[in-house]
Amino acid sequence: MQSRHVSNAIVLSTALFVTVVPSTLVTTTFAQTKSKLTILSESDPSADGARQFVVHSALVGRDYIVVVSPPPIFGSWVSADLKAAGSKQLEQKLPAIYALDAGYGIAGPMAQMMAGVATMSPAYVVSVGYREGQSNFQRTDLLHHSVTEGGVTYGGGDAKFQAFLTEELRPFLEAKYPLDPTKAILYGHSFGGLFAANVLADSPDSFDGYVIGSPSVWIDPQVLATLAGAAKGNGHRVFVAVGENEDLKMLDGANQMAATLTASPSNFKVERRVFAGESHISYYPLLTQAAFTWLLPPAGTNRTAITLPREALQRITGAYQLPDGRVVTVTLKAVKAFVEVTGMPGESELLAETAQRFFLPGGYSVLFTFEGAMDAPASSLVVNMNGTELRASRKVQ
């Protein structure tokens, strides 16, 4: 999403294929041998298929708001029970990304958008946050050791919070949704990044992958020694990041953590990024995009664009009507073709793979095939995304 046309490609391809599938499954409690997670409320799915749960943790002794954002699969949102109309039974279970600090409200929607245009493999995003007026508990839950500042002591609760995630929340969600327990990913930023680092240090097998954004090493420097003395890593994937314009202690902490994770004899698979020109919060959307793509790369193939003469591009220009009434319009500007969908903002360039088949820039798994005789205007358009096809007929002017 580094340019206007790439952003518009995301909007266009998502708009073409995403449909909302309702789900009526309601669960009130989930019992375990060691603990009991109480479901205080469960919302109906929102327009993007997300569902909100308010849960009470017996291990921590307080409530959390959990939002589960499903990926779009074959043009339909994956419903909780996989039985709703239009939902497709999955051939395999999917990863889940557990985003702390409620994913800042954007991790779930971004993953849906990215999976929808195949810039990452499909995954659920579980955003974990707090009820109104309880956000102060974040400092207790995410810090491994107690800290006293200005006469106020906080922290020291991360063991209980980790147990909530791994012993209460994950079993509940893995029983309710088609989640692969071996491919769970923990996503933390700032204090959340420090929490993820401590989980990685103390019990690396708790999650398969980790996103550690701007870890607050300065408040808990012991985490570096714990990481250094931890197991070799068992190949777990770790994405460590920081914004270039953050303060020196945050930059140093991220650098030291990346160095610790890559020092021999570690076999962690580490990706380190410094986001140029970005501050502590501003790079979070870029972190989400980069980390999700690295941890869950798309399965699509690379495509090579060819150059067509203007006359060949003129054949595909025009308006094509979809079965639901929307119109896909292809226009020509100089020697480039552009596509837009009525009702959606912007346009995206079409790149030619052959004289009949075109694709969107940015690696998205979306193909546009123009049908009909090669010496006449195209008679119809077939749009294919991840195996789902939509056919549009040329509108007669």
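Among contacts in the chain between residues at least 6 apart in sequence, what percentage join residues at least 24 apart? The figure is 63%. Contact here means heavy atoms within 4.5 Å.

**Ground rules**

This is a predicted model: local features need pLDDT of at least 70, side-chain atom pairs count only at pLDDT 80 or more, and totals for chains, interfaces and linings use all residues. Residues are numbered from 1 along each chain as its sequence is written, and side-chain values use heavy atoms, with hydrogens and water left out.

**Whole chain**

Show the cartoon. The chain has 9 helices and 22 strands. Both are DSSP runs, numbered from the N terminus: helices are H or I with at least four residues, strands are E with at least two. Now colour by burial. Of the 397 residues, 51% count as buried. Buried means under 20% relative accessible area, exposed over 50%, and partly exposed in between, with a 1.4 Å probe and protein chains only.

**The largest nonpolar core**

Select Y98, F161, F164, L169 and L186. These residues have the most contacts inside the largest nonpolar core, which has 56 residues. Helix α5 (residues 191–202) gives the largest share of this core, 8 residues. A nonpolar core is a set of buried Ala, Val, Leu, Ile, Met, Phe, Trp, Tyr and Cys residues joined through side-chain atoms within 4.5 Å.

Stay on F164. Leave aside its neighbours within four places in sequence. F164 is then in contact with L37, V55, S57, L59, V60, Y64, V128 and L169.

Two packed helices are described by the angle between their axes and the distance between the axes.

Show side chains at the contact. On the α4 side are D158, F161, Q162 and L165; on the α5 side, F195, N198 and V199. The residues of this contact divide into 4 nonpolar, 2 polar and 1 charged. Ala, Val, Leu, Ile, Met, Phe, Trp, Tyr, Cys and Pro count as nonpolar, Asp, Glu, Lys and Arg as charged, and the others, Gly among them, as polar.

Go to residues 62–69, strand β4, and pick D63. Is D63 buried or exposed? D63 counts as buried because its relative accessibility is 14%. Its side chain makes a polar contact of 2.7 Å with that of H56. Another, of 2.9 Å, joins the side chains of D63 and R131. A polar contact is a pair of N or O atoms within 3.5 Å; within protein, one must be able to donate a hydrogen and the other to accept it, and residues adjacent in sequence count only if both atoms are side-chain atoms.

Next, V66, also in β4. V66 is buried, with a relative accessible area of 0%. Not counting residues up to four places away in sequence, V66 touches R51, Q52, F53, V55, V126, S127 and L169. Draw a C-alpha to C-alpha distance from V66 to R51: 8.4 Å, across 15 residues of sequence.

**Helix α2**

Select residues 107–116. Of these 10 residues of α2, 8 are buried. Among them are M110, Q112 and M114. A118 follows α2, with a positive phi near 60°.

**Backbone exceptions**

Most residues other than glycine have a negative phi, and most peptide bonds are trans. Check these stops against that:

- D101, in the loop between β7 (94–99) and α2: phi is positive, near 55°.
- A334, in the loop between β16 (327–333) and β17 (336–341): phi is positive, about 60°. A334 counts as exposed, at 57% relative accessibility.
- S264 and P265: a cis peptide bond joins them, with omega about 10°. P265 is in the loop between α7 (248–262) and β14 (269–275).

**Last stop: A378**

Select A378, in the loop between β20 (366–371) and β21 (380–385). A378 counts as buried, at 0% relative accessibility. R394 is 16 residues away in sequence, yet 7.5 Å away C-alpha to C-alpha. Beyond its neighbours within four places in sequence, A378 is in contact with R315, Y320, F370, E371 and R394.
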